[in-house]
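User: I would like to learn how to read a few features of a model. Please take them one at a time.

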Amino acid sequence: MRFATTEAAKGWGDLCAEAAANARRCFESLRTDPLSTRDPDRQHRLRGRLATRILGGRERPQWEFEVTAGGRVRYLVDEVGRTVHLVCASTRHPKDTDA
């Protein structure tokens, strides 16, 4: 796993401080099966205008993991490079998903 933004790194630290056990579960899930669809309420691909994001000049599908009721981690997966790129981590629900 890598941080794609400094905001994601700071947010991850905040999540770990606020909900260490949940952040650990998120880490393990993203490390072992970042594209899992077993628990779509907790881990899922985003839709609509948030479905993709550009990283390193390539458009990639954007996923989200619900760490706490409000805390979220957004990430992109480079399957070839076997790398998960954290693009956003926050203890609060992102406003851009509000209608």
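User: Which residues of the largest nonpolar core touch the most other members?

Analyst: In soluble globular proteins, nonpolar side chains tend to be buried together. A nonpolar core is a set of buried Ala, Val, Leu, Ile, Met, Phe, Trp, Tyr and Cys residues joined through side-chain atoms within 4.5 Å; buried means under 20% relative accessible area, exposed over 50%, partly exposed in between (1.4 Å probe, protein chains only). Here the largest one has 15 residues, and Trp12, Cys26, Leu30, Phe65, Val73, Tyr75 and Leu86 touch the most other members. Two or more residues come from each of α1 (6-18), α2 (20-32), β4 (58-66), β5 (72-78) and β6 (83-90); helices (H or I, at least four residues) and strands (E, at least two) are DSSP runs, numbered from the N terminus. This is a predicted model: local features need pLDDT of at least 70, side-chain atom pairs count only at pLDDT 80 or more, and totals for chains, interfaces and linings use all residues. Residues are numbered from 1 along each chain as its sequence is written, and side-chain values use heavy atoms, without hydrogens and water.

User: How many salt bridges are there?

Analyst: Side chains of opposite charge can pair when their charged atoms come close. The cut-off is a side-chain nitrogen of Lys or Arg within 4 Å of a carboxyl oxygen of Asp or Glu. The whole structure has eight. One joins Lys10 to Asp14, with the closest N and O atoms 3.0 Å apart; both residues lie in helix α1, four residues apart.

User: Is Arg72 buried or exposed?

Analyst: Arg72 is buried, at 8% relative accessible area. Its side chain meets Glu66 in a salt bridge (3.7 Å, N to O), and a network of salt bridges links Glu64, Glu66, Arg72 and Arg74.
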